[in-house]
Amino acid sequence: MNVYVLLKMVPDTVEELNVAADGKSLDSEFLRFKLNDPDEHALEQALILKEKHGGTVTVLALDAPEVDDVLYTALAKGADRAVKIPINQASLGTVAAAKVLANFFSSSARITTDALLLPGSYAIDDLEGELAPLLAAALSLPYVGVVCGVTPVDGKVVVMKELGGGLRAEFEVALPAVLGIQSAEKPPRYVPVAKVRAVMKSAKIEQVDITAPDRQIQLEVERLYKPEAAGRAEMLDGTSEEVADKLVEVLAKTGVI
Amino acid sequence: MANSILVLAEQVRGELADITFEMLGAGRNLAQESGLPLYAALFGSQAAPLAPKLGVADKVFVVDTPRLDIAPASTVAAALKALMDQAGVDLVLLGCTNISLGVGSILAAKAGLPLVNFCRAAKVEGGAVSCTSQLFGGKILADVKLMDGRGIVSIYPGAFPPDAGRSDKTPTVEKADLLVEAPNVVFKQYVEPETGDVDITKQNVLVGVGRGIQTQDNVRMAEDLAQALGGAVCASRPVIDQGWLPLSRQVGKSGMTVKPRVYLALGISGAPEHWEGMQNSQCIIAVNTDAKAPVFDGSHYGFVGDALELLPVLTEKVKARKN
């Protein structure tokens, strides 16, 4: 199987996010980027498929801060190829990003009959829509999202989709296909920094030039801001000991103890 | 402005999901503000008997075909596009849910209209529809505008009150004859929720743990507290993905919806996907090291601190109080 994992960098929400002076974008000064969580699972799922069933794994990303580290890390984890498209991801909405990636597949990478394209199921900044369905639509490929399991069977894949409330459904999908991965069968693997450093010396990130679409943003943001607390919690102060005492009173009041 | 507004009703196995009524309420508001008719679409072979429940809509279009039973996003989007053309619809509301994920993106591409994702608020302003979307796990809001009032809006669950979408009125029901393409993926079977040892939807007290619990060993500390409180431990997605607790303990978009008397959120940031599953708990107590974590915004009590430090102390004090 020929698996392509589409990786996207997103702001790390563990850090504080601030709005820039224009009131329409994030303040980039203290912004730290990380790989979108579901994309990390997409990579893990691809590596599991390769280990179990053979084939190749190619990771693909647009240009973004810290993306090289992420691509090298993917190689260190076991991906065979890393490709970067030198278009600034931040300038593109999801619709335009899907067009660029669709162009990559129609111009630079032949989609074989055993190809599987794995983006993450969604990203935390998907204002215009999700990459996986947009890419599938652009390439006229079958698509299933919120996928939490992929098993090859007779040249097809059987995929598990999460429906909500713990209910899931199984679908059979002919290849080539696009699957939006929500979570891999196992937690994403860890790779030691030393191994990533070694890969940085020995391996190369390929660059493939794709023309950026004219229309980069589908939806103009009028204003970006932090939500106002609707009903801020009554905050408890003190040492763990003091807070525990207060919480016991709260719990007693609710009648559970 | 648009010609009419359409809500895609969401149902699984013949049961309407809450999001359907949340969308109908939101749609009714938009219809009132704009003077446009509000339609609802019900898809699939189990859909027809559900139509009378959608009385908030002026008209319900039923597309009764097994091809739309738990159909892939592309099939649903194609049917919706055909219905939009037939009924003169150019503003569509659909659910930002696992069931409908992808439908909006594909429909927007097919119809040449913009999609507004993660929408929490919407109102008519002149000929435009102004929407507020939550981004970055709920940490930032974005105001966007559908300038001519035309577009696809993906409504976030829990953002609009479902009661505004319920009515005793009987809607006009129209059977829509659409050519529905054969799905390009094959539905095989439902996989029922894992039952597990404990049903978290039936607990009085839940101790919810998130990324902040850090290790599997620390989950035991939360279990001790849950046991002292006569409740159970549950978790947000990162903990389940690590395999530290079984799937049957997941709370949120993909997991269970719970409404205990007390929900302790320990090391949980309060990302919208988790919040969706526990927001209706009677009393929410949040503990997080990040004072700006969104979880504090909707909780009843909060403590900025290390849940790992608090846990053993609280467990002992609860035990002492009970004795």
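This is a predicted model: local features need pLDDT of at least 70, side-chain atom pairs count only at pLDDT 80 or more; totals for chains, interfaces and linings use all residues.

User: Where in chain B does Pro37(B) lie, and which residues does it touch beyond four places away in sequence?

Analyst: Pro37(B) belongs to the loop that links α1 (18-34) and β4 (38-43) of chain B. The C-alpha atoms of Pro37(B) and Leu6(B) are 8.6 Å apart in space, although 31 residues separate the two in sequence. Leaving aside residues up to four places away in sequence, the residues that Pro37(B) touches are Ser4(B), Ala31(B), Asp58(B) and Lys59(B).

User: Which residue of β10(A) stands opposite Leu117(A)?

Analyst: Strand β1 (residues 2-7) of chain A pairs with β6(A) in the parallel sense over 5 bridges, and there Leu6(A) stands opposite Pro119(A). Strand β10 (residues 177-181) of chain A also runs parallel to β6(A), joined to it by 2 bridges. In that pairing, the residue of β10(A) opposite Leu117(A) is Val178(A).

User: Which element gives the largest share of the side of chain A that touches chain B?

Analyst: The contact between the chains takes 69 residues from chain A and 77 residues from chain B. Several elements of chain A each supply at least two residues of its side, including α4, β7 (143-153), β8 (156-164) and β12 (221-225). By class, the residues on the side of chain A divide into 40 nonpolar, 12 polar and 17 charged. The largest share of that side, 11 residues, is supplied by α6(A).

User: What is the orientation of α6(A) relative to helix α8 (residues 307-322) of chain B, and what is the handedness of their crossing?

Analyst: The axes of α6(A) and α8(B) come within 9 Å and cross at roughly 45°, which makes the two helices oblique to each other. Among the residues that make this contact are Val243(A), Leu247(A) and Leu251(A) of α6(A) together with Leu310(B) and Leu314(B) of α8(B), and by class the contact has 10 nonpolar, 1 polar and 5 charged residues. The orientation is therefore oblique, and the crossing is right-handed.

User: How many charged residues are in the contact of α4(A) with α3(B)?

Analyst: Helix α4 (residues 131-139) of chain A packs against helix α3 (residues 103-111) of chain B at an angle of about 40°, with the axes 8 Å apart. The residues in contact are Pro133(A), Leu134(A) and Ala137(A) on α4(A) and Ser105(B), Ile106(B) and Ala109(B) on α3(B). By class this contact has 5 nonpolar and 1 polar residues, and the number of charged residues is no charged residues.

User: Which residue of β12(B) stands opposite Phe171(A)?

Analyst: Strand β9(A) and strand β12 (residues 185-191) of chain B run antiparallel and are joined by 6 bridges. In β12(B), the residue opposite Phe171(A) is Phe187(B).

Note on methods:
Residues are numbered from 1 along each chain as its sequence is written. Chains are lettered from A and ligands numbered from 1 in the order in which they are written. Axes are lines fitted to C-alpha atoms, for helices over the stretch in contact, and angles run from 0 to 180 degrees between N-to-C directions. Helices (H or I, at least four residues) and strands (E, at least two) are DSSP runs, numbered from the N terminus. Two residues are in contact if their C-beta atoms, placed from the backbone, lie within 7 Å. Ala, Val, Leu, Ile, Met, Phe, Trp, Tyr, Cys and Pro count as nonpolar, Asp, Glu, Lys and Arg as charged, and the others, Gly among them, as polar. Two strands pair if DSSP finds at least two bridges between them. Angles under 35 degrees count as roughly parallel, over 145 as roughly antiparallel, 65 to 115 as roughly perpendicular and the rest as oblique. A crossing is left-handed if the near helix is turned anticlockwise from the far one by less than a right angle, and right-handed if clockwise.
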